[in-house]
Amino acid sequence: MPEQWELLTLRGLASTDERAEEFTGTLVIHRVGSTEPVESITVTVRRSILAELRDTVDRLLARSVGLKRT
């Protein structure tokens, strides 16, 4: 069975200017079921992937129980 990881957070996602196409931050993950410490990995993410993630997460949350829109 492949390793499973839990995404804890994405810290400090930033770019050098407002027109940037890439953003850099720290992905904080933990191996599921492990007592080992949390891993921190520096990642670079393209603007197009962030937009795709935003759309996907919006759809997922809109269908999930527990989301309260104000």
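**Exercise 1. Describe the sheet: which order do the strands take, and is the pairing parallel or antiparallel?**

Solution. 
- Step 1. In this predicted model, 3 strands build an open sheet, in the order E1-E2-E3. The pairing is antiparallel.
- Step 2. Find the edges. Strand E1 (5–14) and strand E3 (39–46) are the edge strands, each pairing on one side only.

**Exercise 2. Examine the pairing of strand E2 with E3: over how many bridges does it run?**

Solution. 
- Step 1. Strand E2 covers residues 22–31.
- Step 2. Its antiparallel pairing with E3 runs over 8 bridges.
- Step 3. Pick out one position. Threonine 26 stands opposite threonine 42 in E3.

**Exercise 3. Place the helix: which strands does helix H1 touch?**

Solution. 
- Step 1. Helix H1 spans residues 47–63 and packs on the sheet.
- Step 2. Helix H1 touches E1, E2 and E3.
- Step 3. Compare directions. That of helix H1 makes about 100 degrees with that of E3.
- Step 4. Write the element order. From the N terminus on, the chain runs β-β-β-α. The secondary structure comes to 1 helix and 3 strands.

**Exercise 4. Work through the salt bridges: how many does the structure hold?**

Solution. 
- Step 1. The structure holds 5 salt bridges. Side chains of opposite charge can pair when their charged atoms come close.
- Step 2. Start with glutamate 21 and arginine 47. Their side chains meet in a salt bridge at 3.8 Å, N to O.
- Step 3. Locate the partners. Glutamate 21 sits in the loop between E1 and E2, and arginine 47 in helix H1. The two are 26 residues apart, and the pair links distant parts of the chain.
- Step 4. Glutamate 21 has a relative accessible area of 47%, so it is partly exposed. Arginine 47, at 33%, also counts as partly exposed.
- Step 5. Turn to glutamate 36 and arginine 31. Their salt bridge spans 3.0 Å, N to O. Glutamate 36 is partly exposed at 42% relative accessibility, and arginine 31 is partly exposed at 24%.
- Step 6. Take aspartate 55 with arginine 54. The closest N and O atoms of this salt bridge are 3.6 Å apart. Aspartate 55 is partly exposed, at 37%. Arginine 54 has a relative accessible area of 51%, and the cut-off for exposed is over 50%. Arginine 54 is therefore exposed.
- Step 7. Look for shared partners. Salt bridges that share partners join Glu3, Arg31 and Glu36 into one network.

Note on methods
Residues are numbered from 1 along each chain as its sequence is written. This is a predicted model: local features need pLDDT of at least 70, side-chain atom pairs count only at pLDDT 80 or more; totals for chains, interfaces and linings use all residues. Side-chain values use heavy atoms; hydrogens and water are left out. Two strands pair if DSSP finds at least two bridges between them. Helices (H or I, at least four residues) and strands (E, at least two) are DSSP runs, numbered from the N terminus. Contact means heavy atoms within 4.5 Å. Axes are lines fitted to C-alpha atoms, for helices over the stretch in contact, and angles run from 0 to 180 degrees between N-to-C directions. A salt bridge is a side-chain nitrogen of Lys or Arg within 4 Å of a carboxyl oxygen of Asp or Glu. Buried means under 20% relative accessible area, exposed over 50%, partly exposed in between (1.4 Å probe, protein chains only).
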